[in-house]
Amino acid sequence: MIVTTKELFKYAYDNYALGAYNINNAEQTMGLFKGNVDSKAPFILQISRGARKYTDKRMLEGMIRAADGIFPEAVFAVHLDHGDEETCYDCIDSGFYSSVMIDASHESFEENIAITKRVVDRAHAVGVSVEAELGQLGGVEEDISVDEDKAHLTDPDQAAEFIERSGCDSLACAIGTSHGAFKFSGSQSLHFEIIEAIQQRVPGFPLVMHGSSSVPQEEVERINAAGGDLKGARGVDVSQYLPAAKMGVCKINIDTDGRLVWTRVHREYLRDHPGVFDFRPVGKVFMAEYAKFIASRNELLGSAGQLDAVRAALGK
Ligand code: G3H
Ligand code: 13P
Ligand code: ZN
């Protein structure tokens, strides 16, 4: 069942965070739904602009509709990840997406507000939720590259004004994370004081943490042992997820870790089965491993076991 992120946040706020997981293909979609249903977790399915271009946006929509039928218990939002204005409108007009992210964080404060407000007006007219971003993460977001040194953390005073003037439903805050597998050059420094200060200014307002993959070291070691080269890859400490959730972070974005599961499974499988050229046996291993990974993240986020309560609250 597809619901809006706004609805999901109502039940999660200050209690647990929803996992927001990106999908690009059928194997990821199947593993994602299975992992969430197995762990009884509501979730957010994210589609990036890159994912929409990888095969075809209609292919993704078809796969998600099929998965919804295969897993009728699932409760999830369909969310555009890091949208520009044009892609947001395409998703809003499609009638399929229940939530969009407008990422105008690279614009000036005033321009970010103006763009976000235009998207909010059009989205709210048809019941679609809107996530916006203020501040800039380090690392690379699709075609926007932000030098780690120049990454700007979110200013809590600006955040309150931004939310008020743009009318967005949730806000992605820059607190020291970055996208990808190489997050911290020195020691991990997440700025929870920023989340705390924003929550004080806008109590009850859902916040979002991007760049939250943990880059499990065991996964990195297995990838490297099977011919990969990911030396120095590092991520967010998973023990930070629940404390963030208790400060109003309702959505935690995890994409890179899923790619690491894919890489480990495929590198090891092809190394150990040099004569195999059928993609289905390894695809099956990946779907099972990805489902296990998703369930394990939901345990850490606190969303595991919440599905029945959410269904009951939704009257379904
Ligand atoms: O924030 C970026 C997400 O991990 C999506 O990545 O744009 O390569 O699909 P992508
Ligand atoms: P990771 O690269 O840490 O998985 O972050 C994903 C993300 O923020 C997607 O928007
Ligand atoms: Zn992101």
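Let's start with the rings: Phe33, Phe43, Phe71 and Phe76 form one aromatic cluster. Keep in mind that this is a predicted model.

How many aromatic pairs does the structure hold? Eight.

Take one of them, Phe33 with Phe43. Their ring centres are 5.3 Å apart. Their planes stand at 90°, so this pair is edge-to-face; the cut-off for that label is over 60 degrees.

Now, where do these two residues sit? Phe33 lies in helix α2, residues 26-38. Phe43 lies in strand β2, residues 43-48. So the pair ties together parts that are ten residues apart in sequence.

Are they buried or exposed? Phe33 is buried, with a relative accessible area of 0%. Phe43 is buried too, also with a value of 0%. Buried means under 20%, so both qualify.

Next pair: Phe96 and Tyr97. Here the ring centres are 5.9 Å apart and the planes are at 85°. So this pair is edge-to-face as well. Both Phe96 and Tyr97 are buried.

The charged end of Arg122 sits over the Tyr89 ring, 4.0 Å from its centre. On the screen, find the ring of Tyr89 and then look for Arg122.

Just after α5 comes Gly95. What is its phi? Positive, at about 75°.

Last stop: two helices packing together. Two packed helices are described by the angle between their axes and the distance between the axes. Our two are α1, residues 5-12, and α13, residues 307-314. The angle is about 115°. The axes are 11 Å apart. The crossing of α1 past α13 is right-handed.

Which residues make the contact? From α1, we have Glu7, Leu8 and Tyr11. From α13, we have Val310, Ala313 and Leu314. Sort the residues of this contact by type, and you get five nonpolar, no polar and one charged.

So, three places to look at on the screen. Find the cluster of Phe33, Phe43, Phe71 and Phe76. Finish where α1 packs with α13.

How values were computed:
Residues are numbered from 1 along each chain as its sequence is written. Chains are lettered from A and ligands numbered from 1 in the order in which they are written. This is a predicted model: local features need pLDDT of at least 70, side-chain atom pairs count only at pLDDT 80 or more; totals for chains, interfaces and linings use all residues. Side-chain values use heavy atoms; hydrogens and water are left out. Axes are lines fitted to C-alpha atoms, for helices over the stretch in contact, and angles run from 0 to 180 degrees between N-to-C directions. Helices (H or I, at least four residues) and strands (E, at least two) are DSSP runs, numbered from the N terminus. A crossing is left-handed if the near helix is turned anticlockwise from the far one by less than a right angle, and right-handed if clockwise. Contact means heavy atoms within 4.5 Å. Ala, Val, Leu, Ile, Met, Phe, Trp, Tyr, Cys and Pro count as nonpolar, Asp, Glu, Lys and Arg as charged, and the others, Gly among them, as polar. Rings of Phe, Tyr and Trp (its six-membered ring) pair if their centres lie within 6.5 Å; planes under 30 degrees apart count as stacked, over 60 as edge-to-face and the rest as tilted. Buried means under 20% relative accessible area, exposed over 50%, partly exposed in between (1.4 Å probe, protein chains only). A charge sits over a ring if NZ of Lys or CZ of Arg is within 6 Å of the ring centre and within 35 degrees of the ring normal.
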